[in-house]
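Subject: Structure handover

Hello,

Here is the structure I promised to pass on. Please open it and keep it beside you while you read.

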Amino acid sequence: LKFISFGAGRSACPGISFASTRAELALANLVGEFDWELPSEMRGDSFMDESSGLIIHRRDSLMAVPTPFSQN
């Protein structure tokens with residue numbers, strides 16, 4: 001259990017809910033500070049196709065291009 005983040009069972013870290021909330025807040029701030037676009041070679045419908053198999057994977061990696069947010 002020592003390799004599980006924040007531990008487990010009775011020895012679990014009491015700060016797990018605080019850390020999870022802070023991580024979500026940091027990600028939300030990062031997403032909100034940029035306008036996100038697809039690269040020019042990627043169409044909007046092309047990244048949603050999935051390959052089939054025992055485990056479903058995206059056909060292509062999801063790439064996003066951040067540009068600084070402007071309120072114009």
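Below is what I found, from the whole chain down to single residues.

First, a caution. This is a predicted model. The mean pLDDT of the protein chain is 76. A score of at least 70 is reached by 65% of the residues. Confidence is highest in helix α1, residues 16-32, with a mean of 89. It is lowest in β2, where the mean is 58. Keep that in mind when you look at β2.

Now the overall layout. The protein chain has 1 helix and 4 strands. Starting at the N terminus, the order is α-β-β-β-β. Of the contacts with a separation of 6 or more, 51% join residues 24 or more positions apart.

How much of the chain is buried? Buried residues make up 6% of the 72 residues. The protein chain exposes about 6600 Å². Carbon and sulfur atoms supply 59% of that area.

Next, the surface. Which residues form a nonpolar patch there? They are L27, L30, V31 and W36. Together they have about 390 Å² of accessible area. Helix α1 gives the patch its largest share, 3 residues. L27 sits in this helix. Is L27 buried or exposed? Its relative accessibility is 53%, and the cut-off for exposed is over 50%, so L27 counts as exposed.

The whole structure holds 1 aromatic pair. F34 and W36 form it, edge-to-face. Why quote two values? A pair of aromatic rings is described by the distance of the centres and the angle of the planes, so both are needed.

Last, S40. Where is it? S40 lies in the loop between β1 (34-37) and β2 (50-51). S40 counts as exposed because its relative accessibility is 78%. Then find V65. S40 and V65 are 25 residues apart along the chain. Their C-alpha atoms are separated by 9.5 Å.

To go through this yourself, begin with helix α1, where the confidence is highest. Then move on to the patch residues L27, L30, V31 and W36.

Best wishes

Definitions and conventions. Residues are numbered from 1 along each chain as its sequence is written. This is a predicted model: local features need pLDDT of at least 70, side-chain atom pairs count only at pLDDT 80 or more; totals for chains, interfaces and linings use all residues. Side-chain values use heavy atoms; hydrogens and water are left out. Helices (H or I, at least four residues) and strands (E, at least two) are DSSP runs, numbered from the N terminus. Buried means under 20% relative accessible area, exposed over 50%, partly exposed in between (1.4 Å probe, protein chains only). pLDDT is the predictor's confidence in each residue, from 0 to 100. Patches are made of residues with over 30% relative accessible area and no salt bridge: like charges are joined within 9 Å, nonpolar side chains (Val, Leu, Ile, Met, Phe, Trp, Tyr) within 5 Å. Accessible areas come from the Shrake-Rupley method with a 1.4 Å probe; for residues, only the protein chains shown count as cover. A salt bridge is a side-chain nitrogen of Lys or Arg within 4 Å of a carboxyl oxygen of Asp or Glu. Contact means heavy atoms within 4.5 Å. Rings of Phe, Tyr and Trp (its six-membered ring) pair if their centres lie within 6.5 Å; planes under 30 degrees apart count as stacked, over 60 as edge-to-face and the rest as tilted.
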